Amino acid sequence: ASFTISLRTVDNITVMIKLRPGVSPRCQIRVKNVIRSELKIKPGDNVTFTFTCSTPEKYFIMEIQKNIDCVSGLCPFGDVHLYPPGLPRLNRTFIWDVKASTKAGLELKFSTPWLRQIEPGETCPDFVSYTINSCIDTATVNIGTFCRNGSVSRVKLLGGVVMSLHLPWDSSLSTSGFSIANRASIKRLCIIESILKGESSITLMSPNYPLGFPEDELMTWQFVVPSNMRASVFFHNYSLSNCERKEERVEYYIPGSLSNPEVFKLSDSQPANIAGSFNLSLQGCDQDAQNPGILRLLFQVVVQHPQVDENVTHLVDLSKEWNMTVTIHFEGWPSRIPLMSEPICLICKDPRTCDRVLTLVSGAIYKISFLCKDLSHLRITAEKGISCVDLRWCQRKIYSLSVPKTITQLPIRLHKFIWKLLAPDLINIEITSPSLKLQQHVPEQRCNTSYSYSIVSATPETELNVGVFCPGGSIEKIQLRNNITISLKTFGKGFLNESNHQDLKMSFVPHIKDECTFTVSPNPKAKVYLQTPNWPYGLPPYVSISWYVFVPSKQVARLGFSKNRMGIVCETGRAYVNIKEETLGAEETVCREDEQLPEPRNMYHDFWVNVSNCKPVDKTQLTLQFWVTFADKQIDLGVILAVVAGAGVLAVIGLTVFCVKKKKKKSQNPMVGVYNANVNTQVPGRQGLFTKGRKNNESHVYAVIDDAMVYGHLLKESNGSVAPEVDVYRPFDGPIGSLPPSPPPFSFRKDIKCSSNTEEPPPLTDIDHDTYTFAHQKSEQLEDNGDKNEKNNEDTSMSLLENKEQDDLVE
């Protein structure tokens, strides 16, 4: 198809057809058999042309520029038309360059549905956009880019204007949508009028956004708001320039205000709940020539109906609180920024100071109100700090970690309450729950309460997520070495009722041994699951965790692990699981990372479980879970029979002694003690249980004997003058119930069964009942067995003679 464009000289219009940027020239323009890649048609020209392809819109764009002189000639007031007609269907831009004096500015009026300002780079839904530039002398200022369907109804500009309308090739728009309405001196850069009807939200930007507002300029936004509506202003993004003189500020003219204009800094909370129309002005300053900086502003105006409860105030008394902040915010804050179109909820400290987020600090009393149709969109997040500097003072104090009633009484859901517990070196933190006790949230035992506590222990180097806990469990106490953050998080609406029963408390205590120690007092009828902190990512390297579990006197505990191995390989150090009952003479069970964990076992006394980590060779970390159940102690039938049998033996021995004494009285000749080496002096016992005798088997041979073990009594007598070997295992000998056992080096580990693969030793006989341990060794225990037997024989013979002499003396 061929196109003819005829331009009158009086119209002062120029048409330019050119290739789209970045597109290869596969299509060209033919004018009188002359092939061209672009075409310029000037005022007074009459040109007919065709395209060499059927889809020229893919390759060409068109600019239609009209120059209007409102300085020396008549200004064409009224609607601005799209001219000339009959243009090819290409992406086209209409440009109106209007020259005007700075003493007589121009007013552009837009027909409905008016305009909506957008950020640079944003596109309009229908791809129809307007760009307004103000021209003062040789300077050009971009007032903004706008789409259709908005609230901007008029723009007044100082000096000339360059107005651009961008249309896609398939647009059916036939009118420009604006008119040149008037000429009037405004003595400022521009005035933008915005008409707001009904509940709505608009976003506006300062000129040249985001590059910077012109130096020492002034501009105004006029907002037309129905008298029965309320408007609020929010600054979302702004920056300040470096001023040499004056000060950057915003000024409000609010009808009925006693202090017009009301002046605010850009960093202040802006006025809210404004009744009716108002003006907002932005004032720049004289900038530093060497480092001017950038003044820019993006803000939002929200219009809504007056809220029914806007005059209802809620008292928040924080006058007796210390080091605490309370933030009332919208749901999802601060990670989520609400959309401009979302219904807005405002929190007000006074009728005109409102915002989407309001922070209250301790030491003051607040009367707040809400401008919100639905308070369910609001949340409360509070934070309180507790610290200790001098243990002598703060160790006597018990701090209650409960949410103040002044917060729970607000008609808003508590999202999170955070306690930050700070302790210096050598001062640790103890968390207790005396009445409710805590349950650890594990997959096998999930919390189903209306709130839970997340406990994190942190140092500048590492962070240990101790776990998630809720009330109603078996953990009475948690002791931690580092600074602690406890976060109470609520679920649903049940917290309002359960908040009255909070009993979490904390205190500062002297230095503890492990990174974390749990004191557990389970319900005898429940099965308790406990797991290592930092689940499921694993314990940090070289961290040691302990559990102290109470066992009721009439119960027996069953301890088991949820898996049979630790599942790690150590690069440096060793990982241990250490189990020990709290009773005199109790033996420790120590399992290394390359061994199987113990099979389920019965524990008859309070006991310790200690887990110590190494540095693993890969990213897999140490994660362990164990469980504890209880059962009533049962009287063993074998024990009863053994007691009865023992009583019978004692009765027989008593009868024999009685008979011997009777015989002695009848005999007048003194007996002569004769030593007979062939007589067996050992007490008769059950035979056949051991195939070897005590002297022949190797049950008394140590696997490892170190000098420190043989001469340990000399080290004790040296008063510390001789340093013992570092790698010598010392059995746990601390006060009962106060410290967990320490895992030993493997070379000095007791030979206690760790897994089902180790053979069960045969039962001991009455005569072969010695158990070798490294605790409380005596020097005579290391003598040769044969010598010891001979000494026993001598002692037996001598004792018979002594008994004989004593009997004679009695007689």
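Predicted model: local features only at pLDDT ≥ 70, side-chain atom pairs only at ≥ 80, totals over all residues.
Ile427 is buried, at 6% relative accessible area.

Beyond its neighbours within four places in sequence, Ile427 contacts Cys388, Val389, Leu391, Arg481, Phe508 and Val509. Val509 lies 82 residues away in sequence, yet the C-alpha atoms of Ile427 and Val509 are 6.0 Å apart.

## Aromatic pairs

The structure holds 24 aromatic pairs. One of them joins Tyr399 and Phe508. Their ring centres are 5.8 Å apart and their planes meet at 85°; over 60 counts as edge-to-face, so this pair is edge-to-face. Tyr399 sits in strand β35 (residues 399-400) and Phe508 in strand β43 (residues 505-510), so the pair ties together parts 109 residues apart in sequence.

Phe518 and Trp547 form a stacked pair, because their planes are at 10° and their ring centres 5.7 Å apart. Phe518 comes from strand β44 (residues 516-520) and Trp547 from strand β46 (residues 544-549), so this pair links parts 29 residues apart in sequence. Phe518 is buried at 0% relative accessibility. Trp547 is buried too, at 0%.

## Cluster and charge over a ring

One aromatic cluster is made up of Trp221, Phe223, Phe235, Tyr252, Phe264, Phe278 and Phe299.

The charged end of Lys527 sits over the Trp627 ring, 4.7 Å from the ring centre.

Definitions and conventions:
Residues numbered from 1 in each chain as written. Heavy atoms only, no water. Buried < 20%, exposed > 50% of the residue type's maximum accessible area, 1.4 Å probe, protein only. Contact = heavy atoms within 4.5 Å. Phe/Tyr/Trp six-rings, centres within 6.5 Å; stacked < 30°, edge-to-face > 60°. Helix = DSSP H or I, 4+ residues; strand = E, 2+ residues; numbered from the N terminus. Lys NZ or Arg CZ within 6 Å of the ring centre and 35° of its normal.
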